[in-house]
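Let us walk through this structure together, one region at a time. Keep the view open beside the text as you read.

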Amino acid sequence: MKKDLTCINCPLGCLVTVTMDEEGNITDVTGNTCKRGEVYARNEVKNPVRVVTSTVKLDGGKEYSVSVKTADAIPKNKMNEVMDEINKASITAPVHVGDIVIENIADTGISLIATANRK
């Protein structure tokens, strides 16, 4: 079985093909121009993950919201749950880059952190 993917690690967007045997074991990865593409393709087939970026409501600040992201990639199947928590969240100003907005978001063990300073 073969699965074609477009690598998202850099602007090149390589078309990568992952070949698997009948048991789902990866036997070959082709089309990538760098090692990161191979790593991405292997992970995407076995355990897809994404870094989530969004905004959270800012209370008591000069602006309405602050940009946030997950501190690390989360399992792709947790994205809806993560976004539900983000949409319900708010943080009180002042906020600094790196401040934890939500610890252990969606029981992933990964924090949601601020990516901007807000007063």
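Helices and strands are taken here as DSSP runs, with helices (H or I) of at least four residues and strands (E) of at least two, numbered from the N terminus. What you see is a predicted model, in which local features need pLDDT of at least 70 and side-chain atom pairs count only at pLDDT 80 or more, while totals for chains, interfaces and linings use all residues. Residues are numbered from 1 along each chain as its sequence is written, and side-chain values use heavy atoms, with hydrogens and water left out.

Next, turn to helix 1, which covers residues 35-46. Which residues of helix 1 are buried? With buried meaning under 20% relative accessible area, exposed over 50% and partly exposed in between (1.4 Å probe, protein chains only), the buried ones are G37, E38, Y40, A41, E44 and V45. They lie on the same side of helix 1 because they cover an arc of only 160° around the axis, the arc being that of the directions from the helix axis to the C-beta atoms. These buried residues pack against strand 1 (2-6), strand 2 (15-20), strand 3 (26-30) and strand 4 (49-50).

A salt bridge is counted when a side-chain nitrogen of Lys or Arg is within 4 Å of a carboxyl oxygen of Asp or Glu, and the structure holds seven of them. One of these joins R42 and E38, at 3.0 Å from N to O. R42 and E38 are about one helical turn apart, because four residues separate their positions in helix 1. R42 is partly exposed, at 32% relative accessibility. Another salt bridge links E44 with R50, at 2.8 Å from N to O. Here E44 is buried, with a relative accessible area of 11%, and R50 counts as buried too, at 18%. K57 and D59 form a further salt bridge, with their closest N and O atoms 2.7 Å apart. Both K57, at 39%, and D59, at 24%, are partly exposed. Shared partners also join K35, E38 and R42 into one network of salt bridges.

Now for the nonpolar cores. Such a core is a set of buried Ala, Val, Leu, Ile, Met, Phe, Trp, Tyr and Cys residues joined through side-chain atoms within 4.5 Å. The largest has 20 residues, of which V56, V66, V82, I86, I91, V101 and L112 touch the most other members. At least two residues of this core come from each of strand 5 (53-59), strand 6 (65-70), helix 2 (79-88), strand 9 (100-102) and strand 10 (112-114). Apart from it lies another core of ten residues, including C7, V16, A41 and V45. If you centre the view on V66, look for its contacts (heavy atoms within 4.5 Å). Leaving out residues up to four places away in sequence, V66 touches S54, T55, V56, L58, I91, V95, A114, A116 and R118.

E22, in the loop between strand 2 and strand 3, is exposed, with a relative accessible area of 76%. Its C-alpha lies 7.2 Å from that of M1, although E22 and M1 are 21 residues apart in sequence.

P94 sits in the loop between strand 8 (90-92) and strand 9 and is exposed, at 53%. Beyond its neighbours within four places in sequence, P94 is in contact with D99, R118 and K119. Most residues other than glycine have a negative phi, and most peptide bonds are trans. The bond from A93 to P94, however, is cis, with omega near 0°.

Where do N104 and D107 lie? N104 is in the loop between strand 9 and strand 10, and D107 is in the loop between strand 9 and strand 10 as well. Phi is positive for N104, near 50°, and for D107, about 55°. N104 is partly exposed, at 36%, whereas D107 is exposed, at 62%.
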